[in-house]
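These are my notebook entries on a single structure.

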Amino acid sequence: MGRAVTVAACALNQWALDFEGNLERIFRSIDIAKSRGARYRLGPELEICGYGCSDHYYESDTLLHSFQVLAKLLESPATQDIICDVGMPVLHRNVRYNCRVIFLNKKILLIRPKISLANAGNYRELRWFTPWNKARHVEEYFLPRIIQEVTGQETVPFGDAVLATKDTCLGTEICEELWAPNSPHIEMGLDGVEIFTNSSGSHHVLRKAHARVDLVNSATAKNGGIYILANQKGCDGDRLYYDGCAMISINGETVAQGSQFSLDDVEVLVATLDLEDVRSYRAEISSRNLAASKVNPYPRVKVNFALSCSDDVAVPTCVPIQWRHHSPEEEISLGPACWLWDYLRRSKQAGFLLPLSGGIDSSATACIVYSMCHQVCLAVKNGNADVLADVHKIVNDETYVPEDPREFCKRIFTTCYMASENSSQDTCNRAKLLAEQIGSYHINLNIDAAVKAIVGIFSMVTGRTPRFSVFGGSSRENLALQNVQARIRMVLAYLFAQLSLWTRGMPGGLLVLGSANVDESLRGYLTKYDCSSADINPIGGISKTDLKNFIQYCIENFQLTALRSIISAPPTAELEPLVDGQVAQTDEADMGMTYAELSIYGKLRKIAKAGPYSMFCKLINMWKEICTPREVASKVKHFFRMYSINRHKMTTLTPSYHAENYSPDDNRFDLRPFLYNTTWSWQFRRIDKEVN
């Protein structure tokens with residue numbers, strides 16, 4: 001009687017439409033799973049084509065190439081004697097479904113379409129797929145000829161069914177179905193399914209990992225069972241970083257935990273578990289057994305295969321472990337760093353360029369690149385041949401081995417302090433010292449000549465010369481002169497990114513990094529087409545508060561003492577003239593609100609779905625100890641005026657690492673108009689009525 005089953009969950013760094021690379025990583029994961037004794041291998045959602053194909057799902061090519069990859073898997077000896085569970089899109093009766101294809105020994109056992117589609121936040125699955133709405137119903141699926149030639153099957157089961165092996169019963173969930181209020185594992189567990197599998201395409205958000213872990217463990221705490229979760233990892237072509245965290249749980253307790261952030265393209269988690277532990281756990285839950293006696297049974301696909309051996313009494317099984325969560329500061333240090341590495345190697349560029357102002361935001365961005373260099377050196381030290389091969393391509397040196405993060409940083413990271421007559425010596429010194437401590441190739445330059453030339457052209461054409469407000473100019477003149485400086489910095493950043501390696505006799509170009517945080521983007525406190533315009537932005541989804549905590553983390557963990565003076569200085573754009581050689585302009589005074597207030601506004605606007613009136617109603621209670629209702633009304637109105645006036649800037653926002661659920665990213669996460677009636681007349685009158 002077999003009782004010890006060995007199963008594998010995979011976290012793969014798949015890339016949208018990289019069919020060749022995706023196939024290679026799937027094969028590698030199967031080899032590792034088999035070498036560790038696994039009899040069942042589970043991969044991430046849509047792993048064959050990559051999750052982030054977006055509108056490429058509409059193309060018949062995507063379906064064709066997915067089946068071609070499936071044929072390669074089916075015909076390979078590597079997939080023999082192990083149940084393989086892979087993800088791909090499938091067209092059934094002219095309807096496209098997000099599916100799991102489960103096969104064994106050149107035979108497809110079941111194609112299981114996704115029942116609950118993810119369609120909130122960054123997810124748009126209903127745009128490309130249709131949910132399978134026929135509960136416990138199976139139809140015949142006619143296989144394409146390229147698959148028939150391998151399997152000898154003409155049709156296979158397609159629908160909501162479970163697998164019955166010689167020793168147990170397995171049921172499938174796909175990503176969102178775990179998060180749904182009526183998750184399939186509830187009814188499947190009542191119907192005797194002992195092993196639940198979940199193939200996910202779940203992305204990183206700060207402080208989210210515990211929610212996923214809690215859901216997996218709670219799935220089997222009430223009902224008993226084994227839960228296997230596989231997830232995508234890495235940047236597969238857009239703003240999201242899929243954060244792995246493959247896990248295996250039994251009866252509400254985790255027995256195997258995968259990494260959340262790593263540079264390993266293939267990670268395989270293997271666990272051996274005792275089926276009798278599930279059966280004895282369920283035996284004494286009388287409420288479960290009463291419900292099970294009335295459950296509507298699932299169609300079962302019989303599989304002449306066992307996940308256990310007949311003589312396995314002496315086989316050791318896994319014991320529960322304590323899940324180790326990263327702190328938010330560790331998440332910021334690791335998640336965006338891994339995302340940057342994927343973007344750098346897959347874009348085939350030679351490194352990054354960052355305009356380093358000596359402020360918190362650009363310094364935090366520099367620290368993330370330094371953290372990336374740490375991760376690369378650590379991966380190479382641990383024998384990661386893939387990372388070393390990528391390093392060779394990036395630095396164009398087949399003999400180079402990165403050992404010191406500072407030395408590697410010098411090769412791939414250029415920082416640039418762009419001074420003007422409005423810049424202080426303090427920020428210049430801070431930027432230079434930080435660059436020295438992280439090892440970046442640092443450039444100091446002055447933009448005054450370019451600013452004077454641009455303003456000179458305007459004066460020559462119009463006969464008028466704009467002045468800063470401290471010299472008697474209007475607010476329009478003052479803002480225009482600030483914007484000229486900011487935009488020239490963007491132009492120079494791209495020029496140096498393209499040609500600075502050329503001047504040093506090195507090949508390639510650099511990716512320009514932006515460093516506007518999520519709060520500034522929400523408020524619109526940035527110049528359109530300034531240094532916030534870059535190729536990518538690793539901190540664009542992170543709040544100022546979290547970035548300050550991250551800076552403190554870097555002081556303590558990377559010994560970057562230059563950050564002490566940076567974190568203690570008030571944030572400033574340094575675009576207005578100095579007063580007695582000192583900075584007079586500060587961000588919070590310019591914005592008319594604090595960064596702490598901005599975070600609250602952002603969470604209420606996006607997460608709590610609050611318009612002006614609802615936000616006012618919530619804040620008069622939240623801030624009743626520090627503000628009068630009239631003061632709250634004034635703050636809410638000012639925020640919504642500034643937000644709506646500047647919303648158009650979000651349409652050109654640099655692609656940013658998604659880390660916060662109140663991100664104002666206009667691309668797909670936060671869909672709003674960008675031409676508002678900025679008086680909010682009806683809404684503000686309702687607020688005024690309540691104030692009175």
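Entry 1
Which residue in S18 is the bridge partner of Phe-352? I worked on a predicted model, and there I found that Phe-352 is bridged to Phe-413 in S18. The two strands concerned, S17 (residues 352-355) and S18 (residues 413-419), are paired in the parallel sense through 4 bridges. I then looked at what packs on the sheet: H11 does, with contacts to S17 and S18, and its direction makes about 160 degrees with that of S17. Helix H13 (residues 405-412) also packs on the sheet, where it touches S17, S18 and S19, and its direction makes about 65 degrees with that of S18. For the sheet as a whole I noted 4 strands in the order S19-S18-S17-S20, open and with parallel pairing. Its edges are strand S19 (441-446) and strand S20 (511-512), each of which pairs on one side only.

Entry 1: helix H11 against helix H18.
I next took up the packing of H11 (residues 360-381) on helix H18 (residues 544-557), and I recorded an angle of about 55 degrees with the axes 10 Å apart. The two helices are therefore oblique to each other. The crossing of H11 past H18 is left-handed. On the H11 side I listed Ile-360, Asp-361, Ser-363, Ala-364, Cys-367 and Ile-368 as making the contact, and on the H18 side Lys-544, Leu-547, Lys-548, Phe-550, Ile-551 and Cys-554.

Entry 2

Entry 3: strand S1.
I checked the burial of S1 and found 9 of its 9 residues buried. One side carries Ala-4, Thr-6, Ala-8, Cys-10 and Leu-12, the other Val-5, Val-7, Ala-9 and Ala-11, and both faces are covered. S1 runs antiparallel to strand S15 (residues 266-274), to which 9 bridges join it. With strand S2 (residues 40-42), S1 pairs in the parallel sense over 3 bridges. I followed Val-7 in both pairings: its bridge partner is Ala-271 in S15 and Tyr-40 in S2.

Entry 4: Asn-13.
Is Asn-13 buried or exposed? Its relative accessibility is 3%, so I counted Asn-13 as buried, the cut-off being under 20%. Asn-13 sits in the loop between strand S1 (4-12) and helix H1 (19-35). Its side chain forms a polar contact of 3.0 Å with the side chain of Asp-342. Leaving aside residues up to four places away in sequence, I listed Arg-25, Lys-233, Gly-234, Cys-235, Asp-265, Asp-342, Arg-345 and Arg-346 as touching Asn-13.

Entry 5: the hairpin of S13 and S14.
Lastly I examined strand S13 (residues 247-250) and strand S14 (residues 253-257), which pair in the antiparallel sense over 4 bridges. Met-247 has Gln-257 in S14 as its bridge partner. The hairpin has 2 residues between the strands, and I noted that Asn-251 takes a positive phi near 50 degrees.

Methods: Residues are numbered from 1 along each chain as its sequence is written. This is a predicted model: local features need pLDDT of at least 70, side-chain atom pairs count only at pLDDT 80 or more; totals for chains, interfaces and linings use all residues. Side-chain values use heavy atoms; hydrogens and water are left out. Buried means under 20% relative accessible area, exposed over 50%, partly exposed in between (1.4 Å probe, protein chains only). A polar contact is a pair of N or O atoms within 3.5 Å; within protein, one must be able to donate a hydrogen and the other to accept it, and residues adjacent in sequence count only if both atoms are side-chain atoms. Contact means heavy atoms within 4.5 Å. Two strands pair if DSSP finds at least two bridges between them. Axes are lines fitted to C-alpha atoms, for helices over the stretch in contact, and angles run from 0 to 180 degrees between N-to-C directions. Angles under 35 degrees count as roughly parallel, over 145 as roughly antiparallel, 65 to 115 as roughly perpendicular and the rest as oblique. A crossing is left-handed if the near helix is turned anticlockwise from the far one by less than a right angle, and right-handed if clockwise.
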